[in-house]
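I opened the model and went through it topic by topic. These are my entries, in the order in which I looked things up.

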Amino acid sequence: MKLAVVGATGMVGEVMLKVLAERNFPVTELLLVASERSKGKILQYKERPYTVIGLQEAVEAKPDIAIFSAGGDTSLEWAPRFAEVGTTVIDNSSAWRMNPEIKLVVPEINANILSKEDKIIANPNCSTIQLVMVLAPLHKAYVMKRVVVSTYQSVSGTGIKAVQQMENEMVGAKTEMAYPYPIHRNALPHCDVFLENGYTKEEMKLAMEPQKILDDSSFAITATAVRIPTAGGHSESVNVTFGKDFTLEAVRQLLRDTPGVVVQDNPDTNTYPMPLYAHDKDDVFVGRIRRDASHPNTLNMWIVADNLRKGAATNAIQIAEYLVRKNLV
């Protein structure tokens with residue numbers, strides 16, 4: 001198994017290497033790939049040094065799988081080049097997600113749609129992954145009609161420059177700005193760029209990607225995405241209206257029985273999900289499960305996950321594991 005990690009020097013790339021090692025992914029040859037300016041850097045994997053190579057050299061090596069986390073422009077240019085030499089690309093950018101020819105996959109939900117012919121596979125948006133992990137079993141049981149989600153997203157979702165901005169602001173140091181305003185002691189209702197409809201790209205990803213993953217456009221999602229000064233982990237306040245009624249205990253049990261989801265829901269002991277405790281974990285955590293008394297058949301929840309792990313690296317690696325397990329590569 002020859003595996004390439006494209007964008008190995010970035011924040012998600014570093015987490016990918018960590019998760020690959022933790023899960024003991026069956027690598028016989030590892031290619032660490034990055035931009036021209038990072039070529040020649042030395043990275044460690046399982047206590048062994050690896051020299052970072054460029055994209056053309058990686059294509060010529062014809063890896064079995066290439067996991068991309070190098071930005072949309074890089075993916076649009078290079079993913080087809082890898083695919084042409086027979087590599088299966090799992091892409092973490094937004095470049096291919098809504099392409100009707102490309103499958104958008106959360107393994108616990110829809111990995112079964114994958115085949116040997118899928119040479120480019122899209123990894124969903126980090127906020128989408130944790131949302132659909134909880135919504136999928138509920139939709140199957142109670143039939144969603146409308147979802148209202150407000151996100152509280154960490155600066156790590158923007159990248160290292162944003163983390164450095166927050167850290168510098170915390171100690172009063174001058175800083176390069178990743179955002180148009182300070183993020184320390186602030187909340188920015190501005191994730192990604194604004195579109196003509198007044199929503200941001202992040203909000204539209206949350207509205208559209210779940211329909212594609214669940215292969216169902218019968219429900220609608222509206223979102224407001226907010227950046228907050230936490231270092232890691234995204235949180236979501238989610239309000240869901242169903243076609244069928246439910247009991248809270250049935251909802252909790254259904255989510256407890258869902259692989260990859262952990263219920264943390266006991267107000268008596270102040271038990272609820274928080275980014276602090278989701279850090280470095282692969283599960284999606286859900287709590288504050290309660291009825292919306294203002295509307296029939298409607299549920300409120302609070303969903304938290306580590307955006308660099310299940311929201312990015314782990315989900316991509318789980319796709320790769322599925323491909324290997326099912327002999328699709």
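**Entry 1, ground rules.** I noted that this is a predicted model, in which local features need pLDDT of at least 70 and side-chain atom pairs count only at pLDDT 80 or more, while totals for chains, interfaces and linings use all residues. Residues are numbered from 1 along each chain as its sequence is written, and side-chain values use heavy atoms, with hydrogens and water left out.

**Entry 2, the parallel sheet.** I took helices (H or I, at least four residues) and strands (E, at least two) as DSSP runs, numbered from the N terminus. I counted two strands as paired if DSSP finds at least two bridges between them. I found an open sheet of six strands in the order β2-β1-β5-β6-β8-β7, with parallel pairing. I looked up the edges: β2 (29-33) and β7 (103-104) each have a single partner strand, so one side of each has no neighbour in the sheet. Five bridges connect β1 (residues 2-6) with β2 in the parallel sense. I checked K2, and its bridge partner in β2 is E29.

I found β12 (261-263) running parallel to β13 (residues 284-291), joined by three bridges. V262 has F285 of β13 as its bridge partner. β13 also pairs with β14 (residues 298-305), in the antiparallel sense and over five bridges.

I searched the whole structure for disulfides (a pair of cysteine sulfur atoms within 2.5 Å) and got zero. C126 counts as buried at 13% relative accessibility, and C191 counts as buried at 1%.

I required a side-chain nitrogen of Lys or Arg within 4 Å of a carboxyl oxygen of Asp or Glu. The search of the whole structure gave 18 salt bridges.

- D118 and K103 have their closest N and O atoms 3.0 Å apart. D118 lies in the loop between α4 (107-110) and β8 (120-122) and K103 in β7, so the pair ties together parts 15 residues apart in sequence. D118 is buried, with a relative accessible area of 9%, whereas K103 is partly exposed at 25%.
- D192 and K205 meet at 3.2 Å, N to O. D192 is in the loop between α6 and α7 (201-214) and K205 in helix α7, so parts 13 residues apart in sequence are tied together. D192 is partly exposed at 32% relative accessibility, and K205 is buried at 16%.
- D282 and R309 have their closest N and O atoms 2.8 Å apart. This pair links distant parts of the chain, with D282 in the loop between α9 and β13 and R309 in helix α10 (residues 309-325), 27 residues apart. I read 23% relative accessibility for D282, which counts as partly exposed, and 2% for R309, which counts as buried. Salt bridges with shared partners join K18, E22, R23, D280, D282, R309 and E321 into one network.

I located S156 in the loop between β9 (144-153) and α6 (160-170). S156 counts as buried at 4% relative accessibility. What does its side chain reach at 3.3 Å? The side chain of S156 reaches the backbone oxygen of A231.

A21 sits in helix α1 (residues 11-22) and is partly exposed at 27% relative accessibility.

Patches here are made of residues with over 30% relative accessible area and no salt bridge; like charges are joined within 9 Å, nonpolar side chains (Val, Leu, Ile, Met, Phe, Trp, Tyr) within 5 Å. Accessible areas come from the Shrake-Rupley method with a 1.4 Å probe, and for residues only the protein chains shown count as cover. I found a nonpolar surface patch of about 410 Å², made by Y272, M274, L276 and Y277. M274 lies in the loop between β12 and α9 (275-278) and is partly exposed, with a relative accessible area of 30%.

Notes
Buried < 20%, exposed > 50% of the residue type's maximum accessible area, 1.4 Å probe, protein only. Polar contact = N/O pair within 3.5 Å; in protein donor to acceptor, adjacent residues only side chain to side chain.
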